[in-house]
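Thanks, everyone. Let's take a few minutes on salt bridges. Here is the model.

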Amino acid sequence: MNSFVLLAKIVRSPELRYTQENQTPVTEMMVEFTGIRPEDNNLLKVVGWGNVANEINEKYNLDDQVIIEGRLSIKTYDNPEGYKEKKAEMIASRLYRIEGGLLSTSTYTPTQEKSFHNEPLPIASTGGFTPGRDQDVSASVTEDDDLPF
């Protein structure tokens with residue numbers, strides 16, 4: 001199964017466009033994330049399709065810190081010298097905004113509405129992190145926040 005979770009900062013604002021065939025919304029943005037060493041910053045293109053594309057375009061901006069769930073895709077391009085070049089991109093399925101170092105807002109589930117009450121939020125880090133279980137986030141959450149737990 002191809003499942004990918006990334007903690008990143010948006011470094012190029014989301015850009016919305018539509019496919020020619022059936023006018024499906026597509027949003028692209030660039031994110032930056034830290035590698036194994038803190039001085040290693042990596043860039044990755046993130047693509048959202050359909051309702052996810054609309055939501056990314058409406059709710060997320062340059063410099064937002066986000067957790068992105070999705071899948072990794074490798075695209076092959078011809079570079080100007082005529083050689084094939086491979087680039088990774090992430091196809092987003094869910095995004096979560098990070099404010100003040102804590103998870104503050106969850107977003108749309110693209111294919112179906114479902115309850116998140118018993119599902120932990122996976123984050124790629126040593127030991128993992130499950131909001132509400134590993135850390136008390138109740139002090140930073142209000143009744144109006146739409147959280148996935």
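Start with Asp63. It is partly exposed, at a relative accessible area of 47%. Keep in mind that this is a predicted model.

Which residue does Asp63 meet in a salt bridge? The partner is Lys9, and the N to O distance is 3.7 Å. Lys9 is partly exposed as well, with a relative accessible area of 28%.

Now place that pair on the chain. Lys9 sits in strand β1, residues 4–18. Asp63 sits in the loop between α1 (51–59) and β4 (65–78). The two are 54 residues apart, so this pair links distant parts of the chain.

Next, Asp64. Asp64 forms a salt bridge with Arg97, and their closest N and O atoms are 3.4 Å apart. Arg97 belongs to strand β5, residues 84–99, while Asp64 is in the loop between α1 and β4. So this bridge ties together parts that lie 33 residues apart in sequence.

Are Arg97 and Asp64 buried or exposed? Both are buried. The cut-off here is under 20% relative accessible area.

Lys87 is partly exposed at 45% relative accessibility. Glu85 is also partly exposed, at 31%.

Key:
Residues are numbered from 1 along each chain as its sequence is written. This is a predicted model: local features need pLDDT of at least 70, side-chain atom pairs count only at pLDDT 80 or more; totals for chains, interfaces and linings use all residues. Side-chain values use heavy atoms; hydrogens and water are left out. A salt bridge is a side-chain nitrogen of Lys or Arg within 4 Å of a carboxyl oxygen of Asp or Glu. Helices (H or I, at least four residues) and strands (E, at least two) are DSSP runs, numbered from the N terminus. Buried means under 20% relative accessible area, exposed over 50%, partly exposed in between (1.4 Å probe, protein chains only).
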